[in-house]
Amino acid sequence: MPKVTRSKVAFVCQNCGYTSLKWIGKCPDCSSWNSFVEEEVLNKPRSYTAGRISEPVLLHSVRSQEEDRVPVGIIELDRVLGGGIVRGSVILVGGDPGIGKSTISLQISHQLAEKGKKVLYVSGEESVGQTKMRSDRLYSKASDNLYIVNATDIDSVLEFIKKFLPDLVVIDSIQVVYTQALSSSAGSVSQVRECANILTQLAKQAGVSMLLIGHVTKEGTLAGPRVLEHIVDTVLYFEGERFSNYRVLRVIKNRFGSTNEIGVFEMGITGLSEVKNPSEIFLAERPKEVSGSVVVPIVEGSRPILIEVQALVTKANFGVTRRKAQGIDYNRLSLLVAVLEKRLSLKLFDKDIFVNVVGGMKIEDPAVDMAISLAVASSNYDKVIPFDTVVVGEVGLASEIRSITNILLRINEAQKLGFKKCILPRTNYQACKSLGTGGMSLVPVDDLKGAFYNLWGENL
Ligand code: TYD
Ligand code: MG
């Protein structure tokens, strides 16, 4: 481990970890205000690779290594991780408090322990008894290879790891672990970063995989896991609404697999279970013959999912209009409303507009544009979009419909769930009409006007 020479005091942004010698009001890195707090900073190399000196070699002379990967056995999670947990890798699981981070970590621990891997669960937030209670809810019998300890001092955690030499260590959570080398309190940026660095070094040296749990806090009083993103190998975020049972595990960074993949889970009385057919679940309560509702096939990583987009357009009461977007970017909604007003002469300036993505998903795929525009138009005119129709396409500023990726994946998913018609960009149509798409009728459109005409004809 690098030698600690002396420590100095600096001001650290509690939001992103930016360090400055003097106090500043606005962070130059993440633009947050009033986020700088005086903290002790250790004068030693940060990166776990620092200090290792090696000569440059020709790239082609380097022997490629196959990663030593252990599948967890939870399909939704293995997909997100790119096939399983790589030996010696460090995975950060972030998310709001109460979303299910400890639950999934315990489930992962159980699965690996059942496969004969030695697992050490370091619980700093809950007592050993509390974790046992959770384990009893999830499994009838705890595995023989699963050890648990209540610790927060990094030195004792390191001791335990060196003594037990487990295959996987879970740190629940990184914000309660501290090093005595720093006088700042546990959870401060310096502490979180320092402890994560120490653990990462050990993971690489000893070939132990680590799962670090980190809370995201809106206030930024506790150091958010964002400061750790560049230290760890993989960053997973748990998304979902507090009052919905569905949770989406999204990969933000992965040195050992692709990003953009998602895993869908349902929280039940026996923990998190995999949702293998999210489309069916997200469409289960879809209303029939109601204006403002439309289905769009989006693609998350390698996986198509059908999502219902709902819009409600009503007359504003006091001259002040409200625009609300849930699950999509608010600015994207404003832009699409502007396109509808300018290019299609919809009168929306005196209307309240609410758009909602059903099921608590957050969509960034631009293919949702046409669905949002048509849902708003459908609610505005009170004209229904047929129940068996899906729409997909990006909308440009001239209201043109632009092509999107993975069209066949999307069409196949829609077909599997019984949809009969797909309105899609003309360029995509040219590409897939020759490939044949079974019983699905494909309707190519050039612009939003074309889509309007196809859905509702002349009499708008
Ligand atoms: P938890 O994993 O403790 O969240 P985090 O570690 O992210 O703070 O999960 C907490 C919530 O999950 C809590 O509200 C109870 C609920 N839960 C269930 O609904 N079923 C279960 O089997 C378990 C273990 C938890
Ligand atoms: Mg927890």
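1. The second largest pocket takes the largest share of its lining, three residues, from strand E12. Helices (H or I, at least four residues) and strands (E, at least two) are DSSP runs, numbered from the N terminus. The elements that contribute two or more residues to this lining are strand E12 (246-254) and strand E15 (293-300). A pocket is defined on a 1 Å grid over the protein atoms alone, as an open set of points where a 1.4 Å probe fits, with protein on both sides within 12 Å along at least five of seven lines; lining residues have an atom within 4 Å of a point.

2. This is a predicted model, in which local features need pLDDT of at least 70 and side-chain atom pairs count only at pLDDT 80 or more, while totals for chains, interfaces and linings use all residues. Residues are numbered from 1 along each chain as its sequence is written, chains are lettered from A and ligands numbered from 1 in the order in which they are written, and side-chain values use heavy atoms, with hydrogens and water left out.

3. The space in the second largest pocket is about 340 Å³, a volume being the space filled by probe spheres set on grid points, which are joined across faces, edges and corners. It is lined by 15 residues, of which Arg250, Glu300, Lys362, Ile363 and Glu364 are the closest to its centre. The lining comprises five nonpolar, three polar and seven charged residues. Here Ala, Val, Leu, Ile, Met, Phe, Trp, Tyr, Cys and Pro count as nonpolar, Asp, Glu, Lys and Arg as charged, and the others, Gly among them, as polar.

4. The chain is assigned domain 1 (9-40), domain 2 (69-276) and domain 3 (281-456); such bounds come from an automatic or database domain assignment. The second largest pocket lies between domain 2 and domain 3, because both give residues to its lining. The centres of domain 1 and domain 2, taken over C-alpha atoms, are 27 Å apart.

5. Ligand 1 is surrounded by 16 residues, the closest being Gly98, Ser102, Thr103, Gly268 and Gly271; a residue is near a molecule if one of its heavy atoms lies within 4 Å of it. This shell holds five nonpolar, seven polar and four charged residues.

6. An oxygen atom of ligand 1 lies 2.7 Å from a side-chain N or O atom of Ser102, and one lies 2.6 Å from a side-chain N or O atom of Thr103.

7. Two loop residues deserve a look. The peptide bond from Asp172 to Ser173 is cis, with omega near 0°, and Ser173 lies in the loop between strand E9 (168-172) and helix H5 (189-206).

Technical notes
A polar contact is a pair of N or O atoms within 3.5 Å; within protein, one must be able to donate a hydrogen and the other to accept it, and residues adjacent in sequence count only if both atoms are side-chain atoms.
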